[in-house]
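Q: Hi! Could you walk me through this one? I'd like to hear about helix packing and then the pockets.

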Amino acid sequence: MSVLSALVAALGSADVEVVDLTAPLSPSTPVLQLPPPFANTIPLSLETVSAFDDAGPAWRWNNIHTGEHTGTHLDAPAHWITGRDGETVDVIPPSKLVAPVVVIDVRAQVAANPDFLLEPEHVTAWEAHHGRVPDGAWLLLQTGWSARQDDAAAFLNADQNGPHTPGPSAEAARWLASERTIAGFGVETVGIDAGAAGGFEPPFPAHHYLLEAGSYGLTQLRNLERLPATGAVLVVSPLPIVGGTGSPSRVFALVEK
């Protein structure tokens, strides 16, 4: 039996499960909010073209209005100034969009402190148990934050001092970009940086270092509790928007039972 035939058989027998890691995209999907004077992207809205009416008696369809970086989405290197000459979403090699995935579980730390920052020592402690993060793998940070997705205020978790959400420290972002060769970094929160990262040096270090290094970002993931720490395969499906800096994406994991 060929490798692909074996995979099809495993999917049919449910020995390999397809886990959807994508948050539903709707007008109520939380969207990153930047403070003035910065501009913000728009949430999703659908404009009816026809709906079984005189404009189209046998069909219904819509125009989609939304930003590239809305809902579960991919950040391409060209999204950030440090990667501005890098890949746009349409030229990302498909081989990087289907790759091994590792999951670092920090739910306990985040439950105690929503401003929790991932540090290099958290990754090396994980590696002591599971082995080195493989080259070309996606690294996902499991925080439990997706439980807040149906409540935009709780999900963004902002007060007069700004948003309070977990993410990597500046040192962790730099370390991942320079000491490991990951395809990308994924989170359950609205962006790949911590809520307080606008005040870090450099500001928004996950974007700064990882996109500069040619890695990608994935945001607003869910169902990470259904993935093992190692051994699954991630499938990321962004739209190949020509010149696009990112795209809403359907994200799956193949998990062997």
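Predicted model: local features only at pLDDT ≥ 70, side-chain atom pairs only at ≥ 80, totals over all residues.

Q: Which residues make the contact?
A: On H4 they are Pro120, Val123, Thr124 and Glu127, and H6 contributes Glu171, Ala172, Trp175 and Leu176. By type, the contact of H4 with H6 has 5 nonpolar, 1 polar and 2 charged residues.

Q: And which residues of H6 are buried?
A: In H6, which spans residues 170–179, they are Ala170, Ala172, Ala173, Trp175 and Leu176.

Q: What covers them?
A: The cover includes helices H4 (120–130) and H7 (205–212). It also includes strands E6 (117–118), E7 (138–142), E10 (167–168) and E11 (184–186).

Q: Switching to pockets: how much space lies in the largest pocket?
A: About 860 Å³. Its lining has 35 residues, with Leu32, Gln33, Leu34, Asn40 and Phe204 nearest the centre. Strands E4 (73–75) and E9 (162–163) are the elements that each give two or more residues to that lining.

Q: How does the lining of the largest pocket divide by residue type?
A: There are 15 nonpolar, 17 polar and 3 charged residues.

Q: What about the volume and lining of the second largest pocket?
A: Its volume is about 210 Å³. The second largest pocket is lined by 13 residues, and nearest its centre are Ala23, Pro24, Pro30, Gln149 and Asp150. That lining divides into 4 nonpolar, 6 polar and 3 charged residues.

Key. Residues numbered from 1 in each chain as written. Heavy atoms only, no water. Buried < 20%, exposed > 50% of the residue type's maximum accessible area, 1.4 Å probe, protein only. Helix = DSSP H or I, 4+ residues; strand = E, 2+ residues; numbered from the N terminus. Contact = heavy atoms within 4.5 Å. 1 Å grid on protein atoms, 1.4 Å probe; cavity = no way out; pocket = protein on both sides within 12 Å on 5 of 7 lines; lining within 4 Å. Points joined across faces, edges and corners; volume = space filled by probe spheres on them. Nonpolar A, V, L, I, M, F, W, Y, C, P; charged D, E, K, R; others polar.
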